[in-house]
Amino acid sequence: MSVASASLDHAGRPYGAINADALAADARREARGLLALLSPGLILVFAVIVVPIGWLFWLSLFDEAGQLSAANYARFFEQASYIKTFVTTFKVAFTVTGACVLFGYPLAYMLSQLPRRAAGICLIFVILPFWTSVLVRTYAWLVILQRKGLVNTWLMDLGVIGQPLPLANNFTGVVIGMTHIMLPFLVLPLYASMKTIDVDCLRAGMNLGASPAATFRQIFLPLSFPGLASGVVIVFVLCLGFFVTPALMGGGKVIMWAMRMEQTTSLYSNWGAGAALGVVLLAVTLALLGLFQRLLGARTTGVWSSR
Amino acid sequence: MLLSLAQSALPIAIGGIEKRFGGVSVLHDLGLDVAAGEFLTLLGPSGSGKTTLLMILAGFVRANAGSIKVGGEEIITMPPHRRNIGMVFQNYALFPHMNVFHNIAFPLKQRRVSAAETAERVERALDLVQLKGLGERRVDQLSGGQRQRVALARAIVFEPRIVLMDEPLSALDKSLREHMQIELRNLHRRLGMTTVYVTHDQREAITMSDRIAVMNAGRIEQIDQPEVLYARPQTKFVAGFIGESSFIPVECRNGSVWYEDRKLRMTTAPPSAGRHLMVVRPEKLRLINGEQTGDVNALPAIVGDVIYQGDSFVCYATLKDGRHVTLRDYCRSDVLAKLPAPGEPITLGIDAQDVVLVADQ
C-alpha cells in the first residue's frame, strides 16, 4: 500500500490515521486499568486454587522415601482395597442421587404448584436443615436408626418386626443420612427451574389435545430438565467427596474416598498417597462434569425429539 | 382437508355464565351466540371479564354456572384436552424445547395421526402462515411475528371446531400488528373457522371482526357489527369506548328532544321522557356559516384551539353551557381557507341522521 498515493489531510497525514496513535494509546490505557481492577480476584484465585492444587499434584509424585515416583498412582491398580473404596464411593453417590431425585422431584413439583405464600413457607422447611450442623443431623439419624433407636423400638413395639432392622452402621444408614443432607441441593435448583415454566405452555399442551399426564410427560418434564440436571450434578459431585455422614453412619463398614484420604494422611502420615487420592478424585469429578455437560447440554439446548 | 374448516365450523351458544372469584362476581348471567364461521371479538377494558370468558370457553377456568354448547353439544364440564378448540395465547406459549415442526405437529401427535400425514399437514399449515421451510428452526431463533404465525398454525393444524385468540397481537410492534390484523382476517376468510377473539384495542376489533361484543364489568353492553356499533352505540360506555365521543346533555319531553331551548332534529324515534346524552363524534360535526340548510342541528360554540395535523385538523370548541366538543375534518383547501381562529364564535352543525342518544347514567 502506498501512502504517497493516498490523499492527505491538511496536516499532511493520510486520511484514516487521524488521532490513530492517541486512540490506540487510550485503548491500551483502558486495558491496563481493567487488568488492575481484575488483579485482586486473579491473585485470590491463584493463591487459593492454582497453588494448592499444584502443590497437591506435586506432593502426589513423591513416595514415602521422598523419591520421585509413580508409586502412589500405581497403588490404585495393585491394591484391591482402593478399587473397592472407589466402587463404594460411586455406589453411594449413585444411590443417594437416585434417592434425591425420587424424593426431590415430587417435592419441587409440589412447591412450584403451591400459591406463592404457601410455597414460601414450605421452602423455609426445605432450607431449615441448612442452618443445622451436618454433624448434629447425622447424630440425630444415628439416634433414630440404630439398633435400639426410635424406628426399631416403635416397629418392634407395634409388633411389625421381631428383630431390629439393620438401618444404621451400614450402607442403608449412609444412604439415608446423606439423602437427607443432599436433598435441598437438588430441590432448590429444580424448584427454581420449575417456577420458570410458563403456565400457558401447559395450558397450550392441554388445549392441543394432550391429557394432563401427557402434558406433564411431554412438556413439563422436559422443561424442568435443566434444573434437574444441575441439581443432579451438584448432589453427585458433593457425594463423591462426602466425609462426615459416611464416617459416622457407616460404622466402619462403608469406606468412601474422602475417608480413605483421611486415614492415609492422619493415620499413616503418607502425604504422597493422600495427595494422589485427592488428585484422582478431582480428575474423576472434572471428567464427570465434562461428561454431564456434553450429555445434558445437548439435551437441553437441542431439539427434544420424542419420535 | 386443512382448507375445509368451513364445513366443520360450528356455532357456539353460551348462556347463563356466572363466575365469581372469591365472592367477587366477574361474569354475571352472560349469554352470547356465535354463528358458525363467524369472527366475533370480545372487546373491553382490562377487568371487564373478556379473558375470563375465553378461559372458560377453553376449559382452563371453571364457571360457577352456565352452559356452553358447541354445535349443540354441551362442553361446560368437558376437560380442555377433549374440547377440540384451538387457542392462540397472548405470549404465544410455544414449546421452547421443540422446533417449529414439532410445535405444529404436537396436536396431531396427540391425535395419533400417522407420520406421513403429520408431515404433510404441518407443511401445509406452514405454507398457510407463510413460514415455508422454517420447520427445523428453534423457537428462540424466530422473530415475534414468526412466533405469532407458528402459534396460529399450531392452533389450526388439527382442524379444531373453534379457534380462540387471547390478544394475540399485543406483543407485536404497531406496523407488524396492523399487518397481522389483515393477515388474520384474510386467513379467517379463507378457512372460515368460528373464531372468538379477545382484545382491548377497539381499532383492532373494528378492523377484524364480523361482530363485536363490548364487555364492561362482567356484562355484554352491546353486540353488533362494527359499523352499527360505531354509528349507533346503545350505551354511554360503548360510545366512549369505541371511537372518540363528546356527550351533550339533552332532555326529552312531550315526544321531542331538547338541547337547552332548541328542539333537536333527528331521524330516529325519540326515547322515553327524561334526561339523555347526545353522542357527538368529532367527524360528524362540521362548521356551518350562519345559513342553516336542511336537516341540520346548529350548536353555537366558541373556538378553543385549532390543531393542524397534516391530513386533518382538530378544533376544540366550548359550547354555551361550558361543555367541550371536538371537531375533526380533512384539510381540503376550501375548509383550510376558512379555519376559525381561537376565541372566535362559530356554529357547529350535526346532521339529523347522525344524532344518537344514550341513557345518562
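At what angle do the axes of helix H3 and helix H7 of chain A cross? Let's start there. Helix H3 (residues 80-113) and helix H7 (residues 171-195) of chain A cross at roughly 45°, and their axes come within 7 Å. By axes I mean lines fitted to C-alpha atoms, for helices over the stretch in contact, with angles running from 0 to 180 degrees between N-to-C directions. Helices here are DSSP runs of H or I with at least four residues, strands are E runs of at least two, and both are numbered from the N terminus.

Before I go on, a bit of housekeeping. This is a predicted model, where local features need pLDDT of at least 70 and side-chain atom pairs count only at pLDDT 80 or more, while totals for chains, interfaces and linings use all residues. Residues are numbered from 1 along each chain as its sequence is written, and chains are lettered from A and ligands numbered from 1 in the order in which they are written.

Back to that pair. H3(A) and H7(A) are therefore oblique to each other; angles under 35 degrees count as roughly parallel, over 145 as roughly antiparallel, 65 to 115 as roughly perpendicular, and the rest as oblique. The crossing of H3(A) and H7(A) is right-handed, meaning the near helix is turned clockwise from the far one by less than a right angle. Their contact has 21 nonpolar, four polar and one charged residues. For the classes, Ala, Val, Leu, Ile, Met, Phe, Trp, Tyr, Cys and Pro count as nonpolar, Asp, Glu, Lys and Arg as charged, and the others, Gly among them, as polar.

Now, where the two chains meet. Chain B puts in 21 residues and chain A 18, with contact meaning that C-beta atoms, placed from the backbone, lie within 7 Å. On the chain B side, strand E6 (85-88) and helix H3 (100-110) each supply at least two residues. H3(B) gives the most, with four residues. That side of chain B has 12 nonpolar, six polar and three charged residues.

H3(B) also packs on helix H4 (residues 115-128) of chain B, at an angle of about 125° with the axes 10 Å apart. So these two are oblique as well, and their crossing is right-handed. Among the residues making the contact are Phe101(B) and Leu108(B) from H3(B), and Val122(B) and Leu126(B) from H4(B). By class, there are seven nonpolar, one polar and two charged residues.

On to the sheets in chain B; strands count as paired if DSSP finds at least two bridges between them. One open sheet has four strands in the order E2-E1-E4-E5, with antiparallel pairing. Its edge strands are E2 (24-34) and E5 (73-74). Seven bridges join E1 (residues 12-21) to E2(B), and Ile12(B) has Val34(B) as its bridge partner.

The other open sheet has five strands, E13-E12-E11-E14-E20, again antiparallel. E13 (262-263) and E20 (356-359) each have a single partner strand, so one side of each is left without a neighbour in the sheet. Four bridges join E14 (residues 274-280) to E20(B), and Leu277(B) stands opposite Val358(B).

Last, the domains of chain B: domain 1 is 2-236 and domain 2 is 244-359, with bounds from an automatic or database domain assignment. Their centres, taken over C-alpha atoms, are 40 Å apart. Five residues of domain 1 are in contact with six of domain 2. The domain 1 side divides into one nonpolar, two polar and two charged.

Notes: Two residues are in contact if their C-beta atoms, placed from the backbone, lie within 7 Å.
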